[in-house]
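Subject: Structure for your files

Hello,

Here is the structure you were waiting for. My notes on it follow below.

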Amino acid sequence: MKRRQFFWLGASTTGAIVLAPVLTGQARQLLTSRKSFPQVHASTDGLLAVDLEASNTQLNLGDKKAYLMSYNGQVPGPRLEAKPGDTVRINFTNNLPKPTNLHYHGLHIPPTGKADNVFLKIPRGESFTYEFAIPKNHPAGTFWYHPHVHGLVAEQVFGGLSGLFVVRGDLDEIPEIKAAKEEFLVLKDFDLDSNGRIKPPSQEIKMTTGRTGKSIAVNEGFNPTLSIPKGGLLRLRILNASASRTYRLAIEEHPFYIIATDGGSLSEPVEVKEIRLTPGERVEVLVRGNKEPDRYRLLNLPDERGEMDMMEHHKMTNRDMMHGGTKEKHPTTLATIAYSGSVSTLPLPKQLIPIETLPEPQRVRRFEFNHSMVKGLGMAFLINGKMFARDRIDTQVRLNTVEDWELVNNAHQDHPFHVHVNRFQVISRNGKQVPYLAWKDVVSVAPGETVRCRIRCDEYVGKTVYHCHVLDHEDLGMMGILDLIA
Ligand code: C2O
Ligand code: CU
Ligand code: CU
């Protein structure tokens with residue numbers, strides 16, 4: 001597959017004519033036979049200007065017809081790329097039947113005005129122009145955008161609305177990384193009926209696992225083939241864009257070398273055999289083409305963490321688990337890594353971008369996740385005993401103070417905790433120090449677990465949110481308002 005050519009073509013502002021010579025016959029044929037392909041909009045001369053339209057769309061998911069929600073007719077939406085210092089202007093139109101908006105997950109930009117303002121609601125048929133600057137010192141990394149109107153987030157993200165937002169910078173300039181072949185993998189599960197329509201989730205599903213589907217798409221289709229030259233490096237930039245599903249990733253016979261997490265680069269590559277990726281999380285890895293040239297599968301391994309307890313607790317029925325549950329017993333193939341050609345052996349980078357060790361905290365806070373039955377509402381999802389309320393400030397944080405946030409899960413299933421605007425470092429799990437420093441904006445907290453994170457909010461004042469990134473939990477109340485003050 002000549003995926004590269006598609007990206008180049010999409011990224012170009014000059015259009016297909018100039019780039020036509022790089023297209024092979026096969027790619028040209030695919031271009032004419034497919035309406036949608038991964039589009040890229042990259043900034044030029046310091047400006048990323050894009051028209052983005054959310055709508056209900058009929059498209060092909062793999063070889064099946066699907067009725068999804070899309071940005072510009074594509075699922076996932078176009079990949080946006082900017083550099084530190086750039087201005088971003090997104091002319092957004094909502095052609096969905098319900099209100100929506102855009103959240104820039106992981107970007108360090110203002111939570112107010114025309115930037116990462118999740119309190120905006122853009123009614124059906126209306127447009128809004130988002131405009132903000134990517135700060136000059138913004139880390140390079142894999143970020144993303146998705147809707148964030150409270151109560152509709154799970155439905156709209158599960159329906160297909162999300163896209164990558166890449167900031168290119170110092171990490172991309174490291175020679176070994178620059179020499180690697182880059183691929184983006186947006187992981188997203190679907191639960192469609194035989195007509196290609198999204199099955200409406202039961203109340204039970206919303207209140208337990210959150211909506212999940214059995215077919216797992218990677219980008220715009222299923223099981224793509226990614227090529228790697230013998231001796232070369234493959235850089236996989238992976239986003240979990242699922243509303244509720246956690247992935248456990250492994251490649252047959254190949255370890256991953258993690259080079260970046262949600263908030264950007266690690267200090268040095270970390271070798272692991274598998275990666276657990278909860279909703280909203282991103283990871284960047286290098287894969288070495290140093291095995292017998294062949295085809296190897298990128299697998300999603302079964303992950304039942306926290307589910308048995310939860311099933312008992314909610315007396316979840318088998319039928320419901322079958323309907324949307326994530327209780328798979330066997331690994332599934334997400335993509336295939338195929339050796340093709342060879343290059344002289346590329347080494348792994350030794351150093352990446354140094355990570356600052358944050359000083360000891362000036363203040364410690366505690367966030368407890370739980371749920372309980374609320375009269376007339378059914379199950380409510382709570383942080384510190386409270387459901388989300390638009391007019392209540394839950395947490396007020398002064399800029400430039402180092403704080404430790406203790407995340408305590410007293411519920412019966414995982415709750416991936418996410419904060420907008422500022423990134424944090426995980427310090428410990430159940431008192432045990434984590435093996436390496438990383439910048440995160442989502443961290444999974446298992447039942448009975450206490451995770452300690454260190455955060456220093458800076459630069460931007462205003463109200464924003466933190467919440468569970470199982471989006472049904474968020475919509476059912478597991479979100480709080482964070483007020484950032486100078
Ligand atoms: Cu990706 Cu508030 O979330
Ligand atoms: Cu976010
Ligand atoms: Cu949750």
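The copper ion written as ligand 2 is coordinated by NE2 of His-103 and NE2 of His-418, at 1.9 Å. Donors here are N, O and S atoms within 2.8 Å of the metal (3.2 Å for Na, K and Ca), and water is not among the atoms, so sites may look incomplete. The two histidines bring distant parts of the chain together: His-103 belongs to strand β6 (residues 103-105) and His-418 to strand β25 (residues 415-419), 315 residues apart. Strands (E, at least two residues) and helices (H or I, at least four) are DSSP runs numbered from the N terminus. Both His-103 and His-418 are buried, where buried means under 20% relative accessible area, exposed over 50% and partly exposed in between, with a 1.4 Å probe and protein chains only.

Please note that this is a predicted model, in which local features need pLDDT of at least 70 and side-chain atom pairs count only at pLDDT 80 or more, while totals for chains, interfaces and linings use all residues. Residues are numbered from 1 along each chain as its sequence is written, chains are lettered from A and ligands numbered from 1 in the order in which they are written, and side-chain values use heavy atoms, with hydrogens and water left out.

Cys-468 is buried because its relative accessible area is 1%, and His-473 is buried with a value of 0%.

Next, the aromatic rings. Rings of Phe, Tyr and Trp (its six-membered ring) count as a pair if their centres lie within 6.5 Å; planes under 30 degrees apart are stacked, over 60 edge-to-face, and the rest tilted. By this rule there are 15 aromatic pairs. One of them is Tyr-104 with Tyr-130, edge-to-face, at 5.6 Å centre to centre and 75 degrees between the planes. This pair, too, links distant parts of the chain, with Tyr-104 in strand β6 and Tyr-130 in strand β7 (residues 127-133), 26 residues apart. Tyr-104 is buried at 1% relative accessible area, and Tyr-130 is buried at 0%. Another pair is Trp-405 with Phe-417: the planes stand at 70 degrees with the ring centres 6.3 Å apart, so this pair is edge-to-face. Trp-405 is in strand β24 (residues 402-409) and Phe-417 in strand β25, twelve residues apart; both Trp-405 and Phe-417 are buried. Ring pairs also join Tyr-71, Phe-92, Tyr-104, Phe-128, Tyr-130, Phe-132, Tyr-145 and Phe-165 into a cluster.

Two charges sit over rings, going by NZ of Lys or CZ of Arg within 6 Å of the ring centre and within 35 degrees of the ring normal. The charged end of Lys-188 is over the ring of Phe-190, 4.0 Å from its centre. Arg-423 lies over the face of Trp-439, also with 4.0 Å to the ring centre.

Phe-190 also stands opposite Ser-215 in β11. Strand β10 (residues 181-190) is joined to β11 by four bridges, and the two run antiparallel; strands pair if DSSP finds at least two bridges between them. Both strands belong to an open sheet of six with mixed pairing, in the order β11-β10-β13-β18-β15-β16. Its edge strands are β11 (215-218) and β16 (264-272), each pairing on one side only.

Then some backbone points. Most residues other than glycine have a negative phi, and most peptide bonds are trans. Val-75 and Pro-76 are joined by a cis peptide bond, with omega about -5 degrees. Asn-72 is not a glycine but has a positive phi of about 50 degrees; Asn-72 is partly exposed, at 27% relative accessible area. Val-421, likewise not a glycine, has a positive phi of about 70 degrees. Val-421 lies in the loop between β25 and β26 (424-429) and is buried at 3%.

Last, Glu-449 is in the loop between β29 (442-445) and β30 (450-456) and is buried, with a relative accessible area of 11%. The side chain of Glu-449 makes a polar contact with that of Arg-429 at 2.9 Å. A polar contact is a pair of N or O atoms within 3.5 Å; within protein, one must be able to donate a hydrogen and the other to accept it, and residues adjacent in sequence count only if both atoms are side-chain atoms.

Regards
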